[in-house]
Amino acid sequence: MTTATINSTTSPAGPASHPALRRAGLARLTGVELRKLTDTRAGYWLLIVIALAAAAIVTVQLFAMPDQDQTFVNFFVPSLLPVGILLPVLGILLVTGEWSQRTAMTTFALVPQRSRVLVAKIAAATIASLASVLASLAVAAIGTALASATGGAGTWSFEPVIIAYAALFQIINVVMGVAFGMLFLNTPLAIVLYLLLPIVWSLLGGMISGLRRVAEWLDLSVTMMPLTTSEVTAGQWGRIAVSVLVWVLLPLAAGMVRIVRREVS
């Protein structure tokens, strides 16, 4: 091949380069993480148990609650509580499943920026918590309709802000589960500590007089209760912020740092 031929077939810019691969957007990563919520048998059955628990609460109220108390609000608020306990376990599984099933290497090989994967997990958990609020609304609506048909009060009136508070209540709970999963990276340990530590703290705050004042600000089970009502005062918002900082944001930040720096094998 002559020099002229070589010059005519080689571009001035050098050899032809491959087009840059488009990295997956956050929406796509979040969609993948949402699918992971139901991909495992544990996640699938946990979602079913959560739905059944909310339905069971409403069913019990139909038979045990006085007729005059069978209102939409009184069905809706109690249905949030079992979901708020169980749904964070799903958030834990969303994180720890990567390590227990040894898929973390594949995940982080496809998306080397680990922080993007972690943000997608938080986003997926947030969407799941919002979906749980919609499910609680649906269950409460069915309970109210049945109460109205069977002689109960069946009152539908409620303050719309209670739905926003319920959404925040569930988001905090689920993100706390994600945070514990990121921090401990072990499913049994994360679940046990998520369930046990708040209970131990509540007991200590009740038994030790010197901790009672502190417990008012750091007992998440107490500080978040106003979110199940239609009114939250400035002081209550302050307590919510402090307890969320200690129980959710600090473990979340520490867990993200741990995963970003941890060697995957």
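## The second largest pocket

Welcome to this predicted model. The lining of the second largest pocket has 11 nonpolar residues, four polar and no charged; here Ala, Val, Leu, Ile, Met, Phe, Trp, Tyr, Cys and Pro count as nonpolar, Asp, Glu, Lys and Arg as charged, and the others, Gly among them, as polar. Of its 15 lining residues, Ile85, Asn173, Tyr194, Pro198 and Ser221 are the closest to the centre.

Helix α8 (187-207) gives the most to this lining, with five residues. At least two residues each come from α4, α7 (161-184), α8 and α10 (220-223). Helices are DSSP runs (H or I, at least four residues), numbered from the N terminus.

## Helix α4

Now to α4, which covers residues 72-100. Of its 29 residues, 21 are buried, so α4 is largely enclosed by the rest of the structure; buried means under 20% relative accessible area (1.4 Å probe, protein chains only).

After α4 comes Arg102, whose phi is positive, near 55°.

## The largest pocket

Which residues lie nearest the centre of the largest pocket? They are Val32, Glu33, Lys36, Glu98 and Thr107, from a lining of 30 residues. Two or more lining residues come from each of α2 (26-39), α3 (41-64), α4, α5 (104-110) and α6 (114-149). Helix α2 gives the most, with seven.

## How to read this

Residues are numbered from 1 along each chain as its sequence is written. In this predicted model, local features need pLDDT of at least 70 and side-chain atom pairs count only at pLDDT 80 or more, while totals for chains, interfaces and linings use all residues, and side-chain values use heavy atoms, with hydrogens and water left out. A pocket is an open set of points on a 1 Å grid over the protein atoms alone where a 1.4 Å probe fits, with protein on both sides within 12 Å along at least five of seven lines; lining residues have an atom within 4 Å of a point.

Note on methods
The expected span of a helix is 1.5 Å times one less than its number of residues. Buried means under 20% relative accessible area, exposed over 50%, partly exposed in between (1.4 Å probe, protein chains only).
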